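Please examine the sequence and the structure shown below. The report that follows describes selected helices, strands and aromatic rings.

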Amino acid sequence: GKVNCKNMKQDCPVPTCPRPTLLPGHCCHTCPKGPPEKSPALDTFEYFHDKEDNLDKPYNDRSYLSSEGLARDDARTEFVALLTSGPEPWHLTSSAVAKARFTLLRSYLLFSISYERLGRPSRVRFSDPEGNVLFEHPVQKSAAPADGMLCGMWRTVSKANVQLLRGEQLRVSLITRAQPSGEVHGHILKHRALFAETFGAILTSSDPTHLGAGGMAMLTLSDTENNLHFILMARGLLEPGTGESPWVPLRVRILHQGQTLREVRANITAEDPDFAEVLSELSVQELQWLVQGQLRIVAETEGRQVRQLAGTITTRRSCDTIQSVLCGADALLPTKTGAVGSAKLALHENGTLEYQVQVVGTASEVVGITLETKPRRKSKRNILFDMTPSYKDGMAQGTWQSPSARDAHMLLQNELFLNVATKDWAEGELRGQVISLPYSGLLARY
């Protein structure tokens, strides 16, 4: 962390006695036998306060990792790229689209790439603005957690390449057997929406002959209201330099089984085709369809030449591991029984949550394993899902079939906790925050 240093001696109060002494471990001279004087500089120090201050004092109120805090971490930076076929100097050859998320963690660049209408890539290529290849990552068949997804890591990125990355100068390409020069390409960009993204979509052209077009949407729920914020990035919707007016009307619709639920309109230009909007007050039914992957987003230009991009909205796809380490020190009333636990979770695109929780060494019988939010007050632990019925011989495993969109959002924002209650510790002997661990590359070694 950052350390701010200050010369405290300049802020010391003037002692009232003729011969003040400097006690060991203190900055200021004090009078003998008197209590040490408080420094005004220490009085003005402000402690970090969490969002919710009304947690009862006896409870463990350790500040926890939030996704926003992780995003602001100096050692960690998030980037994104939209990959499509073309533009020049590459020729339009494909209707494939890919979305890549990157995390720069010190000198490691970790990436999760999801793609559509593309054969399995053989390599991920990083190049500079002149087209020089800086690094290539070979894609192993066993390294992907799912079809249409690949994971990887660029180890020890040089300082010069980190500067290119931060300056949005790096390009990424997916190499296939059909296109050894790269079938889809894109610039790696910083984006303010990345830390908040909990739902996403890849948009492909409704006309398969419309090559080089594609888009992606990054979506998130508001913290309190059921408002859905989204940013749409598109390429190939507009032909540069066509028509008299630079502005082109764009219509964006949210559909369920072909029926339009929401519709927004805007004007975009070829230079700035990105589009941001908020859909307010989603109904319970709309939120349920959202988390179940039953909503589609459609963007289309209006006018003489209608072009359309569409894709299915799902929970955020990533190679990261959703996990939790459970210990007594994190319990709401901290314990020292020596018990430990660990958990691994997977959020599927249909909205179901698969879980596996292992507990070892509890002082008494386990009576409850629950997925919870941070408690607002002592008497009100907020339990979202009870895993206890699936617990047997130190292991709880199963599937939560119906998390809400809000539950999925909080899970992907690192806002949920696992709590293990025992006979001796009814409020919880073990507890741990559920957080996403960056992809480690371990799978790629097998």
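Which residue in β23 is the bridge partner of K392? The partner is M395. The model is a predicted one, in which local features need pLDDT of at least 70, side-chain atom pairs count only at pLDDT 80 or more, and totals for chains, interfaces and linings use all residues. Residues are numbered from 1 along each chain as its sequence is written, and side-chain values use heavy atoms, with hydrogens and water left out.

**The open sheet**

Helices (H or I, at least four residues) and strands (E, at least two) are DSSP runs, numbered from the N terminus. β22 pairs with β23 (residues 395–400) in the antiparallel sense, over two bridges; two strands pair if DSSP finds at least two bridges between them. Both belong to an open sheet of nine strands with antiparallel pairing, in the order β21-β20-β24-β25-β17-β18-β19-β23-β22. At the edges stand β21 (383–386) and β22 (391–392), each with a single partner strand, so one side of each has no neighbour in the sheet.

**Two helices**

In helix α3 (residues 159–166), N161, V162 and L165 are buried. Buried means under 20% relative accessible area, exposed over 50%, and partly exposed in between (1.4 Å probe, protein chains only). Seen down the axis of α3, its buried residues fall within an arc of 105°, so they line one face of the helix; the arc is that of the directions from the helix axis to the C-beta atoms. K159 and Q163, on the other side of α3, are exposed. Just after α3, E168 has a positive phi of about 60°.

Helix α5 (residues 405–412) is mostly covered, with eight of its eight residues buried. Among them are R406, D407 and H409. N414, which follows α5, has a positive phi near 60°.

**Aromatic rings**

The structure holds nine aromatic pairs. Rings of Phe, Tyr and Trp (its six-membered ring) pair if their centres lie within 6.5 Å; planes under 30 degrees apart count as stacked, over 60 as edge-to-face and the rest as tilted. Two of the pairs are listed here.

| Pair | Type | Centre to centre | Between planes |
|---|---|---|---|
| F102 and F111 | tilted | 6.2 Å | 55° |
| F135 and W154 | stacked | 5.0 Å | 5° |

The pair of F135, in strand β5, and W154, in strand β6, links distant parts of the chain, 19 residues apart. F135 is partly exposed, with a relative accessible area of 21%, whereas W154 is buried, at 4%. Both F102 and F111 are buried. Ring pairs link F102, F111, F126, F135 and W154 into a cluster.
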